[in-house]
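Hi,

Here is the structure I promised to pass on.

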Amino acid sequence: MDEQEAGVLEATRDVTINNSLGLHARAAVRLVEMAERYKSEIRMEKDGQGVDAKSVLSLLTLECPSGCRVRLRARGADSRLALDALTELIENNFGEE
Amino acid sequence: MKVPEFIDRSSLLKGVAASPGIAIGRAYLVDRSKVRVLYQYLINESFIEEEVARFEQAVARTEAQIGAIKSDIPAELSDYAYILDTHLRMLRDHMLYQDTIDRIRQEKINAEWALKKSVDHAQDLFSRIRDEYIRSRIMDVENVTDRVMRNLVGHVPESLAEIKERVIIVAHDLSAADTTQMRLDRVMGFITDMGGKTSHTTIIAQALEIPAVVGLKDCTKRIRTGDLIIVDGTSGDVLINPDQKALEFYHGRQRSYESYQAEIVRCSHLPAVTLDDHRLEVKANIEMFGEVAAVVDHGGDGIGLYRTEFLYVSRLTLPTEEELFVDYRDVAQIMAPRPVTIRTLDLGGDKFTSAVHWAEEMNPALGLRAIRFCLQEQGIFETQLRAILRASAFGNVRMMFPMISGLEELLQAKEILERVRRNLTQEGFDFDPDMDVGIMIEVPSAVIMADVLAREVDFFSIGTNDLIQYSLAIDRVNERVAHMYEPLHPAVLRMLLSVVRAGHEAGIRVGMCGEMAGDPICAPILVGMGLDELSMPSTTVPHIKRLIRMMTRADGKDYLEQILKCRTVIEVNDFVKTTAATRFSGLQDDARIGPPA
């Protein structure tokens with residue numbers, strides 16, 4: 001994929017995880033369930049480390065306590081839609097509180 | 001006690017005595033040993049997609065098996081159904097599923113090998129996670145991939161729920177997930193290849209009060225399902241297919257053990273008063289509310305140590321004041337008028353909570369833990385103090401701070417306590433204004449400063465586990481030095497004695513709540529030192545009470561003086577080993593039947 005095409009298809013978004021428990025197992029499950037609805041490749045990055053956002057186990061290894069900033073990066077035709085949905089989920093504290 | 005000469009040595013296995021008593025019955029072999037993984041390169045490209053398909057089938061079969069277990073789950077284990085849902089999800093997680101397929105294709109290796117590599121990778125990533133709750137999710141990964149591996153290799157995983165008759169479980173190792181599936185009422189005993197005094201099998205067996213021997217190394221290879229075996233959980237001996245003579249001998253031993261147990265339990269409600277009229281309080285250590293009934297049943301004079309971490313770990317949020325209060329109040333009410341000593345949070349070290357972010361530490365035993373953590377996280381600390389104080393209105397509650405290393409920490413903690421008291425008064429809550437406040441003595445600097453600290457508290461409780469570890473600079477879980485962890489080290493004995501003296505000079509009571517307090521062989525020495533209270537696992541209470549009732553403190557003192565003349569731990573151990581049973585009649589029964597765990 002050339003740079004220009006990537007520019008069109010790739011989207012990033014910075015979000016703060018604000019639910020009191022941070023990105024624990026159940027929240028990670030909800031995030032993956034949402035991410036799986038989209039075709040784009042989606043990654044979550046924290047402190048320069050990025051993981052597959054469609055894997056609960058990978059998300060857990062990122063260790064995101066409450067208050068931490070993460071960057072979502074999606075690549076694919078529906079990348080913007082995917083990030084809209086994921087950002088909303090995170091901003092709604094995964095529907096927990 | 002030794003195995004008699006007439007017993008055939010070739011059928012005898014030796015392990016770690018994990019839970020006392022004798023079980024005689026049929027073996028039931030639980031095949032939980034790791035499957036041997038075959039390593040193969042796929043030379044021919046055309047095999048690769050076949051291998052991917054074989055992996056896919058094994059995963060699908062595993063899904064079906066987990067689904068079947070899930071549908072059979074009895075209603076009372078519905079929590080377990082959630083665990084299985086998690087397992088189902090992990091099965092298809094990219095980190096395992098896609099990663100394995102990628103490895104088969106890219107590295108051209110067989111499915112077993114690829115899966116093993118994926119699991120190794122996941123284990124490596126998870127081992128670096130700080131949060132204990134999240135880190136422990138790797139156990140789900142291991143459980144589920146073990147099933148896939150069995151399906152690849154062709155083993156059929158068995159269901160432990162299918163055990164029909166009463167059996168002795170023989171296993172490589174047992175996890176909590178294994179025992180959840182078991183009909184525990186059908187288990188007469190446990191023996192395992194792996195494990196030690198603190199492994200899951202040991203804890204379960206002790207809680208159920210059934211015999212267990214662990215750390216047998218190869219019992220799963222030597223024993224087959226249906227073999228008649230004898231498990232002596234007191235000595236750590238296991239006999240395979242014993243002859244008639246051996247059977248008769250062990251049947252006799254089983255009867256005498258049971259009648260001895262019955263006798264000490266019958267007398268367990270009597271106070272522990274020495275023959276020369278010194279009373280010791282013999283109390284129990286608990287970790288959760290559910291254990292209170294056992295304390296009462298075993299005649300505990302109270303709870304000497306309520307470890308309060310349980311409500312904080314293995315969950316994602318901090319407990320609320322109300323939740324803590326209800327828990328402490330219920331314990332206090334059931335035990336009243338007997339005292340309940342609640343230890344404030346001892347988080348850090350090896351216990352963490354997911355609700356707080358823990359920084360990586362090089363040496364957590366010497367890190368931000370216990371009272372240090374509480375003084376830093378005062379909000380968490382105050383919530384607990386409020387709950388404890390409020391519970392004090394409902395029973396005989398005492399409170400103690402762990403890991404105090406000097407006067408500053410104690411004064412700081414007391415200041416916070418004072419503030420909490422004022423707030424509660426203003427808010428109109430009831431509490432016991434005279435509630436005893438004490439400290440754990442478990443840091444060597446607190447031993448040295450005991451005379452100063454004693455003037456600021458109502459009691460001391462010596463935590464020998466940490467005190468010994470810190471004094472001798474021995475990490476108990478490091479197998480290379482664990483053998484040097486010696487409760488009867490002359491230095492330890494001198495420290496204990498100086499704490500008792502400092503406490504008594506200031507007119508406060510001195511207790512002990514470490515493992516040493518429940519070790520029968522130490523009891524005469526501790527009585528001799530003049531300790532006022534001993535706190536231990538509740539099942540040990542009747543036994544220690546009986547030992548105390550059969551001795552005089554004067555004799556204990558005299559004995560201690562002789563021991564203090566020893567210059568090395570070897571001298572002490574030899575002296576105790578050769579003289580204790582003849583001097584203290586309570587220990588003679590131990591020599592005959594063996595002490596409890």
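How many residues does helix H12 of chain B have, and how far does it reach from its first C-alpha to its last? This is a predicted model, in which local features need pLDDT of at least 70, side-chain atom pairs count only at pLDDT 80 or more, and totals for chains, interfaces and linings use all residues. Residues are numbered from 1 along each chain as its sequence is written, with chains lettered from A and ligands numbered from 1 in the order in which they are written.

Back to H12(B), residues 321–335: the helix has 15 residues and reaches 21 Å, close to the 21 Å expected at 1.5 Å a residue (1.5 Å times one less than the number of residues; helices are DSSP runs of H or I, at least four residues, and strands are runs of E, at least two, numbered from the N terminus). Its buried residues (20 or more other C-beta atoms within 10 Å of their own, C-beta atoms being placed from the backbone) include Leu324(B), Phe325(B), Tyr328(B) and Met335(B). Down the helix axis, the buried residues fall within an arc of 165° (taken from the directions from the axis to the C-beta atoms), so they line one face of H12(B). They pack against H11, S11, S12, H14 and S13 of chain B.

As for the contact between chains, 18 residues come from chain B and 15 residues from chain A (C-beta atoms, placed from the backbone, within 7 Å). On the chain B side, H4(B) gives the most, with three residues.

Over residues 1–7 of chain A, though, the pLDDT is below 50.

Cheers

Conventions. Two residues are in contact if their C-beta atoms, placed from the backbone, lie within 7 Å. pLDDT is the predictor's confidence in each residue, from 0 to 100. A residue is buried if 20 or more other C-beta atoms lie within 10 Å of its own, exposed if 12 or fewer, and partly exposed in between; C-beta atoms are placed from the backbone.
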